[in-house]
Amino acid sequence: MASLVQPGMSFLAPSLTRDIAGDMPVSPAHGLPIRLRGVTRRFGTRAVLTDIDLDVAPGQFVAIVGRSGSGKSTLLRLLAGLDHPDAGQVRLGGQSPRQAAPGLRIMFQDGRLLPWRRVLDNVALGLPRADHPRATEALHAVGLADRARDWPRVLSGGQKQRVALARALAADPQLILLDEPLGALDALTRLEMQSLIESVWQRGGFTAVLVTHDVAEAAILADRILLIEDGAIALDLAVDLPRPRRAGAALAEIESRVLDRILRRA
Amino acid sequence: MSERVKVFCFFSSEKKKSFSLFRSAGAVFRAAGASFLKERSKELVPMARALLPSVVPVALLIIWELLSATGAVPERKLPSPHRVLLAFWHLTRTGELPHDVLISTLRAATGFAIGGSLGFCFGLAAGISRLAENLFDGTMQMLRMVPHLALIPLIIVWFGIGESAKVFLVAVGVFFPIYYNTYHGIRTIDAGLLEMARVQGLTGPALFREVILPGALPSILVGVRYALGIMWLTLIVAETIAGNSGIGFMTMNAREFMQTDIVVLGILLYAVLGKLIDMLARFIEIEALAWHPSFSQA
């Protein structure tokens, strides 16, 4: 039990965690490895994903980019177990997505907070009663502890997404899937959210898969950028830059490599 | 001839009266507006606002009383308000009225509880399970179109004119609005929220408690309010046609003896009780849907 709780505590601000878990280093083994073999998904006669092979190491941050309709969201839904491949295998830590579901959370683009539950109850959704203090901690970690008793509708778009992030974190997941979570936010809030996501990922040690159409965002956050085109992985680019990343020549070079690849096909 | 003159005189005086009534109401609001500027409005404006809905009923009562007093409306056809009030007082003292009101309320409540809970259960089943929906929703939509009052002859054959006939009729009446709105409420829950709940690991009773019931509640409460109206209507018809107690019986019995004051009293009672129940329903809506932008108090 202790080994389950402690890594999860580590996404909290250090001042908070010190009393509870000490300054425990994050165990990289906390993240869930992903393994796809020959994954194909068709809608009718149209193949959206064709024969995808992919391995993601535990704790890695992977960004999936691509044009609209390229199949990147379908890939995310297959990982989440919300959709099933027509051929091939999806394995999360050796298990099917359904078996791995307790350790998996999604952050959706539209937040999807329950309007009839207050902020804290939204974060605690699905947690066993004994783990409810974790919801308060997660809300603290995203800086919204003072909004615990508010209704979601009074929050701004960025605050709603922070609550959605806290909800994903509260269960101490091994894998978080981010489905264009910042797509609807203004530029400034996006930047804030990017650094928040980066810091909770660094503390939490979970594997993260981010679907985005913003190549700059992918370059800032990801260890690895996958470009999906015509249902296949067209580019698999490692981003080996120190964090936190600020706009600069190295980042721009990564961006232009991905964009060139996308635009060459146009 | 003299009577016509009297009537004319009455109308002109009434016109003056109502005109002055409007003028004084206008003065109240102007005063309220003025004091708003003087920062003393904080008590007056809410008070005027609270009184506003009662302006029309009170005005109607005054006009009615005056029409009766001048003889413009014959007492035998429509008794004056104060005579209705006297009838109310008299019947309350003999205990007849509380008894009839209690009987009617019990019938309404029993019928509503039976029909409402059945409607909720069937609506829930059809909303949650495709199998249940395919099995009986088509039948329900067909039966829904039958005016339930058309069942009265059949119900009299089945149950006679006793309690069960009235309760049954009320139950049938409230069943369909609650069935339909529960079913519809569940079916229109945002699919994205259901998907999110699945990802969060919610299933079975927890899913029902956290997502399905609160998500369907606004629609269910619309059904409840609608059903409450049908409940009264059904009860009045049932009690008026057959029975030996209840408000409907009281009014029909009074008609036999031309006691129009009691007839009018019965009608007003339905209005007052209906209004009370609607207030209760609104209160429940405001409490249960505090999260909803349309019902929030803030």
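**View 1. Helices H10(B) and H11(B) are roughly antiparallel to each other.** That label goes to angles over 145 degrees, while under 35 counts as roughly parallel, 65 to 115 as roughly perpendicular and the rest as oblique. You're looking at a predicted model, where local features need pLDDT of at least 70, side-chain atom pairs count only at pLDDT 80 or more, and totals for chains, interfaces and linings use all residues. Residues are numbered from 1 along each chain as its sequence is written, with chains lettered from A and ligands numbered from 1 in the order in which they are written.

H10 (residues 247–256) and H11 (residues 260–288) of chain B pack at about 160 degrees, their axes 8 Å apart. Axes are lines fitted to C-alpha atoms, for helices over the stretch in contact, and angles run from 0 to 180 degrees between N-to-C directions. Helices (H or I, at least four residues) and strands (E, at least two) are DSSP runs, numbered from the N terminus.

**View 2. Here is who touches whom between H10(B) and H11(B).** H10(B) brings Ile247(B), Met250(B), Thr251(B), Ala254(B) and Arg255(B), and H11(B) brings Ile262(B), Val263(B), Gly266(B), Leu269(B) and Tyr270(B). Contact here means C-beta atoms, placed from the backbone, within 7 Å. Sorted by type, these residues come out as seven nonpolar, two polar and one charged. Ala, Val, Leu, Ile, Met, Phe, Trp, Tyr, Cys and Pro count as nonpolar, Asp, Glu, Lys and Arg as charged, and the others, Gly among them, as polar.

**View 3. Chain A has an open antiparallel sheet of three strands, in the order E2-E1-E4.** E2 (46–56) and E4 (87–92) of chain A sit at the edges with a single partner strand each, so one side of each has no neighbour in the sheet. On average, neighbouring strands are turned by 25 degrees against each other, direction ignored. Strands pair if DSSP finds at least two bridges between them.

**View 4. Zoom in on strand E1(A) (residues 34–43) and its antiparallel partners.** Seven bridges link E1(A) to E2(A), and Arg41(A) stands opposite Leu49(A). Their hairpin has two residues between the strands, and Gly44(A) takes a positive phi near 70 degrees there. Five bridges join E1(A) to E4(A); Arg35(A) has Arg91(A) as its bridge partner, and Thr40(A) has Ala87(A).

**View 5. Helix H3(A) (residues 72–80) lies across E1, E2 and E4 of chain A.** H3(A) runs at about 120 degrees to E1(A).

**View 6. Chain A meets chain B.** On chain A, 16 residues are in contact with 13 of chain B. The chain A side splits into 11 nonpolar residues, one polar and four charged.

Terms used. Two residues are in contact if their C-beta atoms, placed from the backbone, lie within 7 Å.
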